[in-house]
Amino acid sequence: MTSTSTEARSFNAADLGTLVVVAWCGEAPDGDMPYLLGYPLGDGAGGPEATSAAVHALLETNGLPVGGELTDAAARPSLPVTMLVEAGHAVVTLPGCNAQCSPPPEWLAAVGERGYAYLVFTTRPWPDAEPGKAVDPEAFAAFAGAEDTLNAAAHIVLPARRLRG
């Protein structure tokens, strides 16, 4: 689920189109690593190329370099990207947009243990993976692990925040 504000940006917000976030766990030497993959469908007003450029501008405008450099959001408290994990959902928010997903139990457990997730937010559109449609695990692994996907992405270690009671 995505919402877009009408704030002034260095890109046309309509070009963002649909942004999707998917959660999964990967094996790491010290236990499961919770990952999030953010990607556009490429369905923005200007088509896939404009969508890619708009997502790139969104990331760069918010201090998230595209191209592989890891950003530790815990070390940069002024970074305007957050992740709220509550009631079995994860919500990633950047100024002007947010995306929500329902992660699997193993992801929630890994985030609970580690206190963060590794977000890969790519500018590379993936029109085949629409929200609500089943995605073949092999196709997902091929897209998420593709060099083109990873090189066109911001990489962020994102602390998990929770609502305070």
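Visitor: Which residues touch the most other members of the largest nonpolar core?
Guide: Leu36, Leu64, Met83, Val92, Leu94, Trp107 and Leu158 do, in a core of 29 residues. A nonpolar core is a set of buried Ala, Val, Leu, Ile, Met, Phe, Trp, Tyr and Cys residues joined through side-chain atoms within 4.5 Å. Buried means under 20% relative accessible area, with exposed over 50% and partly exposed in between (1.4 Å probe, protein chains only).

Visitor: Which element gives the largest share of this core?
Guide: Helix 1, with 4 residues. Helices (H or I, at least four residues) and strands (E, at least two) are DSSP runs, numbered from the N terminus.

Visitor: Before I go on, what sort of model is this?
Guide: This is a predicted model, where local features need pLDDT of at least 70, side-chain atom pairs count only at pLDDT 80 or more, and totals for chains, interfaces and linings use all residues. Residues are numbered from 1 along each chain as its sequence is written, and side-chain values use heavy atoms, with hydrogens and water left out.

Visitor: Back to leucine 158. What is it in contact with, leaving aside neighbours within four places in sequence?
Guide: Ala73, Val81, Thr82, Met83, Val92, Tyr116, Ala117 and Leu119. Contact means heavy atoms within 4.5 Å.

Visitor: And threonine 123, where is that found?
Guide: Threonine 123 sits in the loop between strand 8 and helix 3 (137-145).

Visitor: Why does threonine 123 count as buried?
Guide: Because its relative accessibility is 5%. Beyond four places in sequence, the contacts of threonine 123 include Pro40, Ser52, Val55 and His56.

Visitor: New topic. How many bridges join strand 2 to strand 3?
Guide: 10, and the two strands run antiparallel. Two strands pair if DSSP finds at least two bridges between them. A hairpin of 2 residues links strand 2 to strand 3, and alanine 28 has glycine 31 as its bridge partner.

Visitor: What is the volume of the largest cavity?
Guide: About 60 Å³, counting the space filled by probe spheres set on grid points joined across faces, edges and corners. A cavity is a set of points on a 1 Å grid over the protein atoms alone where a 1.4 Å probe fits but cannot get out, and lining residues have an atom within 4 Å of a point.

Visitor: Which residues line the largest cavity?
Guide: Leu158 is one of them, and others include Ala73, Val81 and Thr82. Strand 9 gives the most to this lining, with 3 residues.

Key. 1 Å grid on protein atoms, 1.4 Å probe; cavity = no way out; pocket = protein on both sides within 12 Å on 5 of 7 lines; lining within 4 Å.
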